[in-house]
Amino acid sequence: MRFLIVTHAIHKSVENKIFSYEPYVREMNLWGKYVKNIKIVSPVSQESISSIESSYTHKNIILSKVPKFNILNMYDILKTTFKIPVICIQIFKGMLWADHIHLRCPGNIALLGCFIQILFPFKPKTIKYAGNWDPDSKQPLSYRVQKKILANTFLTRNCKVLVYGEWPNQSKNIIPFFTASYTVNEIESIHKKGLSKRIHFIYVGSFSEGKQPLLSVKTIENLIKNGYDVQLDMYGNGQKFIEVKNYIAKKSLEKNIVLHGNQTKEIVKEAFKISHFLIFISKSEGWPKVVAEAMFWKCLPISSKVSCVPYMLDFGKRGILVANDCNVEKISLTIINSLKNKKEYYKKVINAQKWAHTFTLEKFDSEIQKLLS
């Protein structure tokens, strides 16, 4: 089978190996097990490989480079008018070549792919919509357009659209799906984490405006002011990293908040094992892997009510849900109430771990095989 991937994910080619963002590559390596040849249409970077990138394991991969683009201002729009024909030609050629078309949505490159796939109604397709499929959520116009095309069974034929969560009144090609990070062999007994000494919090994700890392920092600061012995370990990087770092220094919080930057999956996994809470108040998500990963290691998520997170946390039975616009005081109060009710905390932790253990890489692999059969 000739398998085409159309994605906005940045790829890098080094010493005959192709690299990209590690969680994405880890998933695509599973898809690759069941196909003979792969062609990837994506932007390509010449930068060095980072600690959060890994390589494809497939031996027969063609990387078809296209320019990345955005339409944030008039200058970008002008440049994009010259780029789009080049990108469309590469996507069209890739779809002609392919036996199976796989789009990674949402994204600018995938937006073009959504239009071009209409021209191939008889070719089998899978489309992974990794963003928020919630019909009531406010989203950019390009995202809404992609969702409209994908949900239209006349425009998008012979296709399975994989979305996170279960939503009412969906077309027949919309399939609730999930993702996974760990194998069955990684399931292990995690000791009961006592709540009588220092309480450990963890933040994992990009330091971006949408993930609100500073809100997590200020929440820990507020808990310290209320007399709680707490520590926050933060993993990740991004445009807000310096702002967060400066705030921690300004408020002399270095003894309680540690910035680790980007780290490997194994280092983060060990951090989950000793953490009591994941604090992750994001404005927008698809299936937040970090939430499922925390649950896997008896680390209770504190998360906003976005996308399928309420479904993942069983509306509060497997974690702590806060309003999307929740402030520091309300988040702190929610945490304090959880610490006071230890029995309820441990009950949620067990519920969360049992649920997370059902979504292993083996199950994920099995579902992918079914999609390609």
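User: How many residues of helix α1 (residues 22-32) are buried?
Analyst: Eleven of the eleven, so α1 is largely enclosed by the rest of the structure. Buried means under 20% relative accessible area, exposed over 50%, partly exposed in between (1.4 Å probe, protein chains only). Helices (H or I, at least four residues) and strands (E, at least two) are DSSP runs, numbered from the N terminus.

User: Which residues are the buried ones in α1?
Analyst: Among them are Y24, R26, E27 and W31.

User: What kind of model is this?
Analyst: A predicted one: local features need pLDDT of at least 70, side-chain atom pairs count only at pLDDT 80 or more, and totals for chains, interfaces and linings use all residues. Residues are numbered from 1 along each chain as its sequence is written, and side-chain values use heavy atoms, with hydrogens and water left out.

User: How much of the protein chain is buried?
Analyst: 55% of its 373 residues.

User: How many helices and strands does the chain have?
Analyst: Twelve helices and 16 strands.

User: New topic. Which peptide bond is cis?
Analyst: The one from C105 to P106, with omega near -5°. P106 sits in the loop between β7 (100-105) and α3 (108-116). Most peptide bonds are trans.

User: What is phi at N158?
Analyst: Near 55°, a positive value in a residue other than glycine. N158 lies in the loop between α4 (141-151) and β9 (159-164). N158 is partly exposed, at 43% relative accessible area.

User: And where is D314?
Analyst: In the loop between α9 (309-312) and β16 (320-322). D314 is partly exposed, at 27%.
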